[in-house]
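Hi everyone, thanks for coming. Let me put the sequence and the model up on the screen, and then we can walk through it together.

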Amino acid sequence: MASSETPEDKEKPAERPLIMRYAARSDVGRIRSKNDDSAYVGRHLAVVADGMGGHAGGDVASASTVLDMIHLDHDDYPEGADTVLADEIQTANSLLSELVHQNPKLSGMGTTVTALLLEDRKLHFAHIGDSRAYRLRNKKFEQISVDHTFVQRLIDEGRLRPEEAETHPHKNVLMRVLGDVDASPELDLDVLDVEPGERWLLCSDGLNYVAGHVVERMVRETKDLRECAEILVDLTLEAGAPDNVTVVMLEIVEETVDDVNTAAVDVVPAAALAAVDEPEAVTATKSPDEVPSGDAAKGPSKSEADRKPDAGSASDDGTRTKESDEADETSGTSDSSTEPPATTDPHLGEHLSAEVLREELASRPHELVGAAATAAETGSIPT
């Protein structure tokens, strides 16, 4: 007698947990004297932060923000992770205010933040600033984040065409940013369904020097994640790289037995550490009322002649600009061998102490690059 059981009646095999496979690289670029970018990526968390705000403020802002978030890299949220990511970014924002209170010279510093937190079959997304998140899924490559820039607002309002953004005199003005500006910054938040095999690119705006169609082709065609990250940074360097550039590549995959067995192994690839820039000379920042010389334009490509190296400063209306850092070009301060070492502030709070950081970083596979990696190695945030 034939069985009446239908395929629908058969019990489906249990779904294996999803994790991130990943690679990251950060580079100071061709002109900047220090790296203000930071990034962390592990099996459940990816964060990119691009710091700004005069002198050493940029690396302080990005490093402290990223290091404050690394403890989220797990998949155990009994109450759900709906608000966890946003709450932690708000906490990081409070920490920046704390650091400014301790050291008024850091006044005006800030950072972008673009982050992903993977929980079960959901991807929690948080974003502020002009770093970017791209997704390749079912052969469709798209930018998920929205730039919080003055020119993007003009584009959204129909007052500016996208192709005009590259030459707009205020293309580098940020309308929203984490840091010493707003006690409760407005974040873009979303919860996305996720599928095994989809790829994500998180990057600082330093990657904007590479044409958009070239970035897309590399993400589509370069199967190895580390190779893809290396190629994207190398292409930026070939384009002149007057800004720092940070790239995180990740792919959503099903966890394997090997992944479970190595879940508590400290994995900090030598390649990632080699890409970390040592603390170097701090750079000068132009006054807020000077016209920006160009940075963070959101077009598919940008020529080196249109852009100059830039640092950040706060404007009177609470927006933030990334402006040209002429001191490095004219005085040669990019040669750190003649500069005094950066000072450090040991008063970081218990959650960012060197011991706690080392325990966190040693508890799971990950990559940490940029200013955050330098801070973790030295046990303190450079100020």
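Which residue in S8 is the bridge partner of Arg-137? It is Lys-140. A quick word on the model: it is predicted, so to speak of local features we need pLDDT of at least 70, and side-chain atom pairs count only at pLDDT 80 or more, while totals for chains, interfaces and linings use all residues. Residues are numbered from 1 along each chain as its sequence is written, and side-chain values use heavy atoms, without hydrogens and water.

Now, the sheet. Strand S7, residues 132–137, and S8 run antiparallel and are joined by four bridges; strands pair if DSSP finds at least two bridges between them. Strands here are DSSP runs of E, at least two residues, and helices are runs of H or I, at least four, numbered from the N terminus. Five strands make an open antiparallel sheet, in the order S1-S13-S12-S7-S8. S1 (18–27) and S8 (140–143) are at the edges with a single partner strand each, so one side of each has no neighbour in the sheet.

On to the helices. The axes of H4 (212–221) and H5 (225–238) come within 9 Å and cross at roughly 160 degrees; axes are lines fitted to C-alpha atoms, for helices over the stretch in contact, with angles from 0 to 180 degrees between N-to-C directions. That makes H4 roughly antiparallel to H5, a word used for angles over 145 degrees. Val-214, Val-215, Met-218 and Val-219 of H4 meet Cys-228, Ile-231, Leu-232 and Leu-235 of H5, where contact means heavy atoms within 4.5 Å.

Conventions
Angles under 35 degrees count as roughly parallel, over 145 as roughly antiparallel, 65 to 115 as roughly perpendicular and the rest as oblique.
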